[in-house]
Amino acid sequence: MANVPFLGLKTHSQKVCSLYKRVLRNLEAFYDRRNVYRYQAVLMRARFDKNAKETDMRKAVELLRQGEEELFSQIHPLPKKFATSPGGVAYERVVQSPDWVLDYWHPLEKAQYPEYFKKREQRKKEFMAMWEKEYGKPDPKDQHH
Amino acid sequence: MFKNSICFVSFFFLFLFSLINFFFFLFFMIYNYVIFLEWELISFSSMSLVMSILLDWMSLLFMMFVLLISSVVIYYSKSYMSSEMNLNRFIMLVLLFVFSMVLLIISPNIISILLGWDGLGLVSYCLVIYYQNIKSYNAGMLTALSNRIGDVFILMVIFWMMNYGSWNYVFYMDFMKNDYVMELMSIMIIIAAMTKSAQIPFSAWLPAAMAAPTPVSALVHSSTLVTAGVYLLIRFNVLLLDKFFLKILLLLSGLTMFMAGISANYEFDLKKIIALSTLSQLGLMMSILSMGMAELAFFHLLTHAMFKALLFMCAGVIIHMMNDIQDIRFMGGISNFIPYTSLYMNISNMALCGIPFLAGFYSKDLILDMVMMKNLNFFVFFLYFISTGLTMFYSFRLSMYLMINDFNLLSVYNLYDEDLVMLKSMFVLMMMSIFSGSMLMWFIFSYPYVIYLPINLKLMVIYVSLFGMLMGYMISSMEIYLMNKFSYIYNLSSFLCLMWFMPNLSTYGLNYYFLNMGQMMLKKIDMGWSEFYSGQGMFMIMKKYTIFYNFFQMNNNFNIYLFSFVLWMIIYLMILMVM
């Protein structure tokens with residue numbers, strides 16, 4: 001994706017693929033038995049394949065618009081979501097705080113766990129040494145971050 | 001070590017209190033004995049503030065059930081919440097909840113009822129937002145604000161009751177009935193009870209509150225908190241007879257029952273299905289209460305508490321096993337892997353449906369018979385029987401999805417019961433949901449109701465149940481050649497699926513417009529016009545004039561002197577010329 005000219009700008013085929021994936025997820029929400037879902041998915045694939053070779057761009061855009069409209073009018077009110085993905089019931093239920101939060105603890109708080117923080121400081125030093133050994137010291141003129 | 005011990009200690013003492021309450025209940029029941037304790041705090045100008053406690057068979061029995069359920073739920077939490085860092089906080093919150101509930105149950109005084117009532121609302125808010133993600137926060141706000149309406153109504157009742165000089169409502173029931181203005185109080189009490197028991201305009205919060213951890217749902221949102229409204233109305237039921245508003249309550253609760261039954265059939269979230277079935281049963285209790293049969297409502301309240309708590313605990317085991325997935329579309333065939341939990345689940349489901357000689361049968365069948373004896377209109381009759389059929393419908397659908405259909409998440413899987421702790425705690429409730437119906441029947445109704453019905457009317461319950469079972473089977477067995485009925489009637493389906501758009505109408509809709517109005521007022525009035533005319537505007541005008549005067553005062557005195565000299569000279573010359 002290195003040659004994408006503008007972020008957020010999608011090609012027509014990307015839009016069609018995105019629509020296809022959302023349609024399949026929607027079918028999955030309706031047809032919860034796997035074999036039934038596969039049958040419906042094959043039918044849907046045939047509908048997509050029928051227009052896959054469309055060369056007239058105006059027609060293709062119109063077809064895409066119709067497809068989006070159809071999906072919107074048929075979207076399941078209770079979509080099938082995995083529990084820990086966005087929109088799922090357990091999304092962000094267990095949040096793991098990033099490691100650097102520990103560096104911002106108050107000294108009094110840090111004093112509650114003296115051994116851990118002693119070891120942590122030691123490890124930070126060792127990591128710095130390892131980094132400098134591998135990549136050298138940072139350039140003092142290099143101020144950007 | 002301490003983690004496990006707090007669960008065990010709480011379990012032990014709650015269980016002990018429950019047993020003690022049971023024996024006291026038997027004693028009070030047999031000797032028809034009531035204890036009324038009063039402790040006067042302060043008395044001024046013929047108003048007395050009294051802390052009072054009422055112990056009769058009803059409060060003792062309800063307390064026994066609450067304590068029993070909470071003890072097993074806490075025991076269950078030891079395993080269910082074992083990965084929780086702040087288990088102590090969780091158990092403390094649950095204990096606080098139990099305390100508020102007990103305060104509500106034993107108080108014949110509207111002020112201490114408010115204390116218990118508000119405690120319930122607050123603790124349930126804390127428990128709903130226990131998993132601190134966005135979904136829980138939203139659900140918690142919805143719950144707290146919906147319940148807040150009821151709290152405000154109880155507060156208004158307190159103010160109104162100042163006219164009597166005391167808040168012990170039990171003494172004033174008959175006076176209140178005679179006074180037309182005081183009847184307003186009964187309407188307020190009914191509205192308060194409707195918010196707590198999630199009747200129709202306020203029912204959006206109950207399914208949303210399922211964001212809470214499952215033990216909380218088992219204790220709070222199925223068996224105890226939501227029945228607080230019903231209990232309050234049972235206590236006030238002398239006051240409520242022959243009210244027009246009670247007829248509206250009958251309609252609303254009947255519709256709640258029907259709406260929840262339909263929505264449960266469209267729902268796919270395991271806990272929300274059970275919550276909607278709770279809502280349906282609450283509608284049943286409220287509607288039988290609004291016909292004036294308080295004992296029947298109380299009876300159904302108790303049996304329902306048992307099997308619904310069990311159902312939620314089974315759901316918790318399943319959710320744990322599925323790694324937090326609650327969608328029943330992912331589940332299936334679990335009875336091969338967790339046979340005991342499936343057994344408990346089936347028993348509680350059957351008790352819910354009213355299969356003979358389980359707990360739900362005794363209360364539900366009696367209620368339906370009494371409804372038929374009452375000769376109500378066809379609409380109410382229709383609501384009752386369709387809802388009974390719908391209960392069978394969604395229970396059977398749930399069982400089909402969970403136990404009979406294929407597993408739908410992974411292709412290689414191994415499911416298992418995690419440990420005995422959850423199974424042991426569920427065993428207690430399983431026994432209760434088998435026996436409590438007949439037990440309570442013998443205790444509470446010492447004399448039989450005489451029921452006289454044509455054979456087909458009597459068998460109507462069985463007809464609708466069988467029909468519901470058939471529908472449940474048909475809707476959950478999906479075949480390739482069947483067409484999708486959901487998308488066929490898409491608009492109607494999504495209307496029924498989203499609880500008749502109740503969340504949008506009663507909560508999101510209202511919140512949206514008022515918040516929008518607040519935003520507009522902030523932008524246009526507070527930060528706009530009022531700022532323009534008072535704060536910033538005045539400052540700008542002052543600044544402008546100050547700069548203008550400064551021009552004369554400070555900068556160029558010489559110019560001004562010169563200018564005024566020239567001006568005066570011109571005027572002088574003109575005067576000369578005129579003269």
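Predicted model: local features only at pLDDT ≥ 70, side-chain atom pairs only at ≥ 80, totals over all residues.
A crossing of two helices is left-handed if the near helix is turned anticlockwise from the far one by less than a right angle, and right-handed if clockwise. Residues are numbered from 1 along each chain as its sequence is written, and side-chain values use heavy atoms, with hydrogens and water left out.

**Helix packing in chain B**

- Helices here are DSSP runs (H or I, at least four residues), numbered from the N terminus; axes are lines fitted to C-alpha atoms over the stretch in contact, with angles from 0 to 180 degrees between N-to-C directions.
- Helix 15 (residues 339-353) of chain B and helix 18 (residues 420-444) of chain B have axes that come within 10 Å and cross at roughly 30°.
- Helix 15 of chain B and helix 18 of chain B are therefore roughly parallel (angles under 35 degrees; over 145 is roughly antiparallel, 65 to 115 roughly perpendicular, the rest oblique), and their crossing is left-handed.
- Contact (heavy atoms within 4.5 Å) involves residues including Tyr344(B) and Ile347(B) of helix 15 of chain B and Phe427(B) and Met430(B) of helix 18 of chain B.
- Helix 14 (residues 294-321) of chain B packs against helix 16 (residues 359-373) of chain B at about 150°, with the axes 9 Å apart.
- Helix 14 of chain B and helix 16 of chain B are therefore roughly antiparallel, again with a left-handed crossing.

**Aromatic pairs**

- Rings of Phe, Tyr and Trp (its six-membered ring) pair if their centres lie within 6.5 Å; planes under 30 degrees apart are stacked, over 60 edge-to-face and the rest tilted.
- By this rule there are 54 aromatic pairs over all chains.
- Trp105(A) and Phe117(A) form a tilted pair, because their ring centres are 5.5 Å apart and their planes at 50°.
- Trp105(A) is partly exposed at 28% relative accessibility, while Phe117(A) is buried at 7% (buried is under 20% relative accessible area, exposed over 50%, partly exposed in between, with a 1.4 Å probe and protein chains only).
- Tyr512(B) and Tyr513(B) have ring centres 5.3 Å apart and planes at 80°, so the pair is edge-to-face.
- Tyr512(B) is partly exposed at 49%, and Tyr513(B) is exposed at 57%.
- Ring pairs also link a cluster that includes Phe258(B), Phe378(B), Trp500(B) and Phe501(B).

Key
Chains lettered and ligands numbered in written order. Helix = DSSP H or I, 4+ residues; strand = E, 2+ residues; numbered from the N terminus.
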